[in-house]
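This report walks through one protein model, from strand pairing to pocket lining. Keep the sequence and the coordinates open alongside it.

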Amino acid sequence: MKNKLWYFEYATSETFAASCKNLHEYLEIVCDGVSLELANGPQLQGIALLNIPYTHGGSNLWGEHLSQKRMRKGPFRKKLKNSDKELSANSFNSVDLSIAIQDIGDSKIEVIGLENCLHMGQVRTGLRASGRRLAQCSEVIMTTKKTFPMQIDGEPWMQGPY
């Protein structure tokens, strides 16, 4: 519970500070040799690279596959919003990411964009179906123009321009 309170405090302060605002101006992401157009669509303040379906205590940032959604029943069935189904401007190698399946054994990395720190909380609580699907690829190269907070497996650090 103490950790959740810390997360709440940091998320609240980050909501007002927005230290990663205009991420598209300071970050370039190349997936399998194709540069992602981060400026298209909603402005992103976070990027998640995943090779597993659940993260951060059970959040499925990639979202469910449409056939999985049809199998679910009940009044709380999540519906995909248009912003959750968006494709990058170049449609990333002409693949429809709204129907792309996340598979732990496919040797692919899912690249997901988050609009702000509340976006991940909304996915976790079911208010939104997923993050913004940006790509599914085998190789990711990220280049930063300023210092950003990053983390891998819960280990945070400040990454300088690289």
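Strand 4 and strand 5 (residues 132–137) pair in the antiparallel sense, with 5 bridges between them. Within this pair, Gly-113 faces Arg-132 of strand 5. The model is a predicted one.

Strand 4 also pairs with strand 3, again antiparallel and over 5 bridges. Here Ala-48 sits opposite Ile-112 of strand 4. Is strand 4 mostly covered or mostly open? Mostly covered: 5 of its 6 residues are buried.

**Overall make-up**

The protein contains 5 helices and 8 strands. From the N terminus, the order of elements is α-α-β-β-β-α-α-β-α-β-β-β-β. Of the 162 residues, 31% are buried. Among contacts with a separation of 6 or more, 69% link residues 24 or more positions apart. The exposed surface comes to about 10100 Å², and carbon and sulfur atoms supply 56% of that area.

An open sheet is formed by 3 strands in the order 2-1-6, with antiparallel pairing. Its edges are strand 2 (34–35) and strand 6 (140–144), each of which pairs on one side only. Strand 1 (residues 27–31) meets strand 2 over 2 bridges. Val-30 is placed opposite Ser-35 of strand 2.

Strand 7 and strand 8 are another antiparallel pair, with 5 bridges. They make a hairpin with 2 residues between the strands. Pro-149 has Met-158 in strand 8 as its bridge partner.

The table collects the pairs.

| Strands | Sense | Bridges |
|---|---|---|
| Strand 1 and strand 2 | antiparallel | 2 bridges |
| Strand 3 and strand 4 | antiparallel | 5 bridges |
| Strand 4 and strand 5 | antiparallel | 5 bridges |
| Strand 7 and strand 8 | antiparallel | 5 bridges |

**Positive phi values**

Most residues other than glycine have a negative phi.

Asp-153, in the turn of the hairpin between strand 7 and strand 8, has a positive phi of about 50 degrees. Asp-32 is not a glycine either, yet its phi is positive at about 50 degrees. Asp-32 belongs to the loop between strand 1 and strand 2. Its relative accessible area is 32%, so Asp-32 counts as partly exposed.

Ser-107 has a positive phi near 60 degrees, and it too is a residue other than glycine. Where does Ser-107 lie? Ser-107 is in the loop between helix 4 (91–94) and strand 4. Is Ser-107 buried or exposed? With 61% relative accessibility, Ser-107 is exposed, because the cut-off for that class is over 50%.

**The largest pocket**

The largest pocket holds about 2200 Å³ of space. Its lining counts 49 residues. Nearest the centre of the pocket are Ile-47, His-56, Leu-114, Met-120 and Gln-151.

Which element gives the largest share of the lining? Helix 1 does, with 10 residues. Several elements supply at least two lining residues each, including helix 1 (2–17), strand 3 (46–50), strand 4 (109–114) and helix 5 (117–125). Strand 6, strand 7 (148–152) and strand 8 (155–159) also supply at least two each.

By class, the lining has 28 nonpolar, 17 polar and 4 charged residues.

Terms used: Residues numbered from 1 in each chain as written. Predicted model: local features only at pLDDT ≥ 70, side-chain atom pairs only at ≥ 80, totals over all residues. Heavy atoms only, no water. Pairing = 2+ DSSP bridges. Helix = DSSP H or I, 4+ residues; strand = E, 2+ residues; numbered from the N terminus. Buried < 20%, exposed > 50% of the residue type's maximum accessible area, 1.4 Å probe, protein only. Contact = heavy atoms within 4.5 Å. Areas by Shrake-Rupley, 256 points an atom, 1.4 Å probe, with all protein chains shown as cover. 1 Å grid on protein atoms, 1.4 Å probe; cavity = no way out; pocket = protein on both sides within 12 Å on 5 of 7 lines; lining within 4 Å. Points joined across faces, edges and corners; volume = space filled by probe spheres on them. Nonpolar A, V, L, I, M, F, W, Y, C, P; charged D, E, K, R; others polar.
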